Amino acid sequence: MFETLMNLVQQQAGQSVINNPAIPNSQNDSVMQTVASSILSGLGQQAQGGGLGNLLGMVVNGGNVQQSPVTQGVQSHVEENLMEKLGISPQVAMSVAGALVPVVLSKLMHKASDPNDSSVDGNSILGAATGQQGIDWMGMAGSAMADGKLDMNDLLRVATQQGGGGGLGGMLGGLFGGR
C-alpha cells in the first residue's frame, strides 16, 4: 500500500515539489516521503476520528474526492507534517499539500476500483487506515450501504450478520483505541 502511494506521489510531484524553487532539490525525496506517509497516517486519523463512514464512501463510490471531508483532513495533516518535520513554510506546505493530496487520493481511489489493477484495493486502503487488516471491508460496505448511505444502524446490522463476534466492537475491534 505505501509503495503504491509513494509511486503516485512521485508521479504527481513535478510542479509542486521537484520544480518548486521554494523546495531545495536536496529535500525533494524527503518531501515526497513525508507526503506519502502523511497521507497514509492522515487516512488513519480520519478513520479513527469519526470519518470512517466518509472514508468508506470515498473508497466504495469514488465520489467527489476533491470535496470530501476526508481529503480536507488528510490535506491538513500533510501540511502540518511538512511544516513540523521538514521546516517548510506554511505557504509552501499548503501549496504542496493542495496540489498533491486531492490528486493522489483520487488516483488511489481509481486504482482501488480498477479490477485490472492489483496494486491496491478498497480492503487494503481501509485496512491500512484502520489498522484492521484481513477484514472484508468492501463486502461489509456493500451490505451496509444497501440504502445508499452508511450509518450506525447499517454497521450494527452488518455486525450481527457477521456472526456476532462481539457485535460492532468485535467487528471494528480496536478502531477507537480499545482492545
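Me: In what order do the elements of the protein run from the N terminus on?

Reply: This is a predicted model, in which local features need pLDDT of at least 70 and side-chain atom pairs count only at pLDDT 80 or more, while totals for chains, interfaces and linings use all residues. Residues are numbered from 1 along each chain as its sequence is written, and side-chain values use heavy atoms, with hydrogens and water left out. Helices (H or I, at least four residues) and strands (E, at least two) are DSSP runs numbered from the N terminus. The protein has nine helices and zero strands, and the order is α-α-α-α-α-α-α-α-α.

Me: What percentage of the residues of the protein count as buried?

Reply: Buried means under 20% relative accessible area, exposed means over 50%, and partly exposed is in between (1.4 Å probe, protein chains only). The protein has 179 residues, and the part that counts as buried is 44%.

Me: Among contacts between residues at least 6 apart in sequence, what percentage join residues at least 24 apart?

Reply: Contact means heavy atoms within 4.5 Å. Among the contacts in the protein that join residues at least 6 apart, the percentage joining residues at least 24 apart is 64%.

Me: Is I39 buried or exposed?

Reply: I39 lies in helix α3. Leaving aside neighbours within four places in sequence, I39 is in contact with L5, V9, V74, V78, V101, V104 and L105. I39 and V101 are 62 residues apart in sequence, yet their C-alpha atoms are 7.3 Å apart in space. Because its relative accessible area is 0%, I39 is buried.

Me: How does α4 pass α5, in a left-handed or a right-handed crossing?

Reply: Axes are lines fitted to C-alpha atoms, for helices over the stretch in contact, and angles run from 0 to 180 degrees between N-to-C directions. The axes of α4 (residues 69–86) and α5 (residues 90–113) come within 8 Å and cross at roughly 140 degrees, which makes α4 oblique to α5. Angles under 35 degrees count as roughly parallel, over 145 as roughly antiparallel, 65 to 115 as roughly perpendicular and the rest as oblique. A crossing is left-handed if the near helix is turned anticlockwise from the far one by less than a right angle and right-handed if clockwise, and here α4 passes α5 in a crossing that is right-handed.

Me: How do the residues of the contact of α4 with α5 divide into nonpolar, polar and charged?

Reply: On the α4 side are T71, V74, Q75, V78, E79, L82 and M83, and on the α5 side P90, A93, M94, V96, A97, G98, V101, P102 and L105. Ala, Val, Leu, Ile, Met, Phe, Trp, Tyr, Cys and Pro count as nonpolar, Asp, Glu, Lys and Arg as charged, and the others, Gly among them, as polar. The division is twelve nonpolar, three polar and one charged.

Me: How many polar residues has the contact of α3 with α4?

Reply: The axes of α3 and α4 come within 7 Å and cross at roughly 145 degrees, and the crossing is right-handed. By class, the contact has twelve nonpolar residues and one charged residue, and the number of polar residues is 13.

Me: Does N81 count as buried or exposed?

Reply: N81 lies in helix α4. Not counting residues up to four places away in sequence, N81 touches T34, S38, S41 and L86. Because the relative accessibility is 9%, N81 counts as buried.

Me: Where is the place of I23?

Reply: I23 counts as buried, at 2% relative accessibility. Not counting residues up to four places away in sequence, I23 touches S16, V17, N28, V31, V92 and V96. The place of I23 is in the loop between α2 (14–18) and α3.
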